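Biologist: Could you take me through a close look at how the helices pack in this model, and then at a few residues in and between them? I would like the cut-offs along the way, please.

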Amino acid sequence: MSKQSIVPFGPQHPVLPEPIHIDLVLEDEKVVEAIPSVGFVHRGLEELAEKRDFNDYLYVVERTCGICSFGHGLGYVEALEAVMSQEVPDRAKYLRTFWFEMSRIHSHLLWLGLLADAFGFDALFMQAWRMREKVLDMFEESTGGRVIFSVNTIGGVRKDMDSAMIKSFVDIFDGMEKELKRMTDVFLNDYTVQTRLKGVGILTKEDAHRLSAAGAMARASGIEIDMRKTGYEAYGNIEFDIITSNDCDGYARCAVRIGELFQSINIIRQVAQLIPDGPIAAPKVKGMPNGEAFVRIEQPRGEALYYAKANGTKFLERFRIRTPTFTNIQSLIHILPGSDMADVPMQILTIDPCISCTER
């Protein structure tokens, strides 16, 4: 009879930049149980909503995560706009959509680079992050920031992009798309990638439903769900497909995210063609928020929920975020048993974890 042993995985690990901690129960080299422990980088950001003016708190919520910062700012202002019944100009909605898809591209390229690095593909890692730098350069040119953008505001956006800037960005994405196609074809067809990921980390459609999988984790298990289809911001006027797979394994999760890269570029092209003229923000909001609202948006890693409760003062009574990684950890703990110890870092990366988002 094999003897069981417990091996702590993380919060520091040479393969993973995220401080996730899991106790792995092993029999020889096989994982029989995975026990997560969260809270290593907990910062109490939600508590600050009770101590910061609701306008100032926008700058706090963006710092929930440096990769998902634009989406967190968007979810926050959408919640406050719902509480205050604040209309948003159409041009602002299209600008938000443009920047949000840029955020999705840079997040997926960061993930692709990290996955390549875990495989030992240093050249692919460098290439993916070099392409991501182009997106960050465009963010810097249009918003002034590369990590924290602070461009969303209650009732619209703070900055505009003229037609020349939008066209130049689309031209950059057109060139990036061709390079990305060559790079991802090589990656997905690589023998090592296929042998390490195909048939490993199976999450069936039924289990994905039961465990509330979000984002590519759910779509790679055949669940056709994407909050962008609800039509928030300008997505109701954009045509796009939900990228799915029925293979349910680690390879499928990679293929879905790579497909989403090309989908995001296509959305950006449509936004550039459809964006209307007009103001970028409503008149300054007056008064204090009073009421509660609940909004759902599609972050790069999946569906994120934002709940705001206000009581007529300048401080929110409650602000709550449920991030996609928080719910996907349940799926991760489900797929790890049965894997080899050597497969664990790869399977964690296939869920594209964001522990900063999870441990607010």
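Modeller: Happy to! Helices α4 and α5 pass each other in a left-handed crossing, a term used when the near helix is turned anticlockwise from the far one by less than a right angle, clockwise being right-handed. Please keep in mind that this is a predicted model, in which local features need pLDDT of at least 70 and side-chain atom pairs count only at pLDDT 80 or more, while totals for chains, interfaces and linings use all residues. Residues are numbered from 1 along each chain as its sequence is written, and side-chain values use heavy atoms, with hydrogens and water left out.

α4 covers residues 122–143 and α5 covers residues 163–188; helices here are DSSP runs of H or I with at least four residues, numbered from the N terminus. Their axes come within 11 Å and cross at roughly 165°, where an axis is a line fitted to C-alpha atoms over the stretch in contact and angles run from 0 to 180 degrees between N-to-C directions. The pair is therefore roughly antiparallel (over 145 degrees; under 35 is roughly parallel, 65 to 115 roughly perpendicular and the rest oblique). Among the α4 residues that meet α5 are L124, M131, V135 and M138, and the α5 side includes F169, I172, F173 and M176; contact means heavy atoms within 4.5 Å. By class, this contact has 13 nonpolar, two polar and four charged residues (Ala, Val, Leu, Ile, Met, Phe, Trp, Tyr, Cys and Pro count as nonpolar, Asp, Glu, Lys and Arg as charged, and the others, Gly among them, as polar).

Now for a second pair, α3 and α9. Their axes come within 9 Å and cross at roughly 155°, so these helices are also roughly antiparallel. α3 passes α9 in a left-handed crossing. The α3 residues in the contact include F98, I105, W111 and L115, facing α9 residues such as I258, L261, I268 and V271. This contact is made up of 17 nonpolar, three polar and four charged residues.

α3, residues 90–119, also holds S107. S107 counts as buried because its relative accessibility is 0%; buried means under 20% relative accessible area, exposed over 50% and partly exposed in between, with a 1.4 Å probe on protein chains only. Leaving aside neighbours within four places in sequence, S107 is in contact with I67, P300, R301 and D352.

That brings us to D352, in the loop between α11 (344–350) and α12 (355–358). D352 is buried, with a relative accessible area of 3%, and has a positive phi of about 55° although it is not a glycine. Most residues other than glycine have a negative phi. E233 is another non-glycine residue with a positive phi, of about 50°, and is placed in the loop between α8 (216–219) and α9 (250–274). With 12% relative accessibility, E233 counts as buried.

One more loop residue to look at is S339, between α10 (324–335) and α11, which is buried at 6% relative accessibility. S339 and V32 are 307 residues apart in sequence, yet 8.1 Å apart in space, C-alpha to C-alpha. Not counting residues up to four places away in sequence, S339 touches E29, K30, V31 and V200.

Methods: Helix = DSSP H or I, 4+ residues; strand = E, 2+ residues; numbered from the N terminus.
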